[in-house]
Amino acid sequence: MSRTFYVKNTQAPKVMSTEELLSVAGGDFRQFVVSQDEENFKEVMQMPLNKFGYMLFGQEGISGRGFEVSYQEGEPAAYEVRVFTPSTERDWLGAMEFMSKLAIYLQVDIIDEEGMEYKANHITYNYRGDIEFGVRCYEGEREESFIFGVCRPIALNAEIVGRLLSAQDKVKAFSDFVESQQQHEDIFIANQIFYQNDKGEIIGTYTLTKTVPTVLPYQYPPFIDITKTDLQQEDILQWRISLVDTEGGEDGLNYLGDLDYKTFLERLPQEKIKKLDGHYMLLQMDTTQQMEALLGKTSLLGKIKNFFK
């Protein structure tokens, strides 16, 4: 679900690039699609938006879900700003600020999907009603529901949905929940990597590095991020996780081994798990011994202790 707004392009047929749109918006607006480390980053940023498709925009350290910006060809040619339902209050404020600056720059009004018009500096859309409507839509859901944040999926289970629905201010409750997901913190969100074995079977893998705070699923099987792959759960033969030490290797990293992800979860000390939502946890393993214990390895000291039990 979402709400779409249109800002007519008075410069057509010229279409602004992501770089130009961010320049118009100013401040701490950024895109959340292409990493600066990617080889084609500069090319994508300078590409007219209609040639790329859409961009997920937001504000660094502020946005929970962000908002999509794309381009509508034809008459009238316009920039489309799509806000997800539900989004956080600060997502909405950011989207309206972006639309306002773009409309002022192009000297036009803003029109929503129902044809309502808003002055560029006076957007009166009832965004709080949209957020509350979105929260109420989860009523009766029995299975995990996933929404997409600016950096990773976010899971709503029955317990979380119950808290949101029972809150007196559902807008604040939802906003607080999404903003608590630490998407902007200095932590590593583990990537899903897929490869084929010699039989052509697909293996899904994660990596956990010692002392690195890492976001990983604590539910099995892991949710497949459909924004990054076309694979389905039934396509995956097995999920595994590789454990890496920060000492001993030539480059400062030392591969300790890997294990089945379900076994990894079963062996994981519960006190190490900080649950973020209904599916993901923040995890940090501090010692080589803790990592080896997950692999089922026992240190010499541990063997001696077991001998005297």
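**The nonpolar cores**

Q: What does Phe-98 touch, leaving out residues up to four places away in sequence?
A: Phe-98 touches Leu-21, Ala-25, Phe-29, Phe-57, Phe-67, Val-69 and Val-81, where contact means heavy atoms within 4.5 Å. The model is predicted, so local features need pLDDT of at least 70, side-chain atom pairs count only at pLDDT 80 or more, and totals for chains, interfaces and linings use all residues. Residues are numbered from 1 along each chain as its sequence is written, and side-chain values use heavy atoms, with hydrogens and water left out.

Q: Which residues touch the most other members of the largest nonpolar core?
A: They are Leu-21, Phe-67, Tyr-79 and Phe-98, in a core of 52 residues. A nonpolar core is a set of buried Ala, Val, Leu, Ile, Met, Phe, Trp, Tyr and Cys residues joined through side-chain atoms within 4.5 Å; buried means under 20% relative accessible area, exposed over 50%, and partly exposed in between (1.4 Å probe, protein chains only).

Q: Which helix gives this core its largest share?
A: Helix α4 (residues 89-106) does, with eight residues. Helices (H or I, at least four residues) and strands (E, at least two) are DSSP runs, numbered from the N terminus.

Q: Now helix α1: which of its residues are buried?
A: Thr-18, Leu-21, Leu-22 and Ala-25 are buried in α1 (residues 18-25). They line one face of the helix because, seen down its axis, they fall within an arc of 100 degrees, taken from the directions from the helix axis to the C-beta atoms.

Q: And what phi does Gly-26 take?
A: Just after α1, Gly-26 takes a positive phi of about 65 degrees.

Q: Changing topic, how many residues join β8 to β9?
A: A hairpin links them through four residues.

Definitions and conventions:
Two strands pair if DSSP finds at least two bridges between them.
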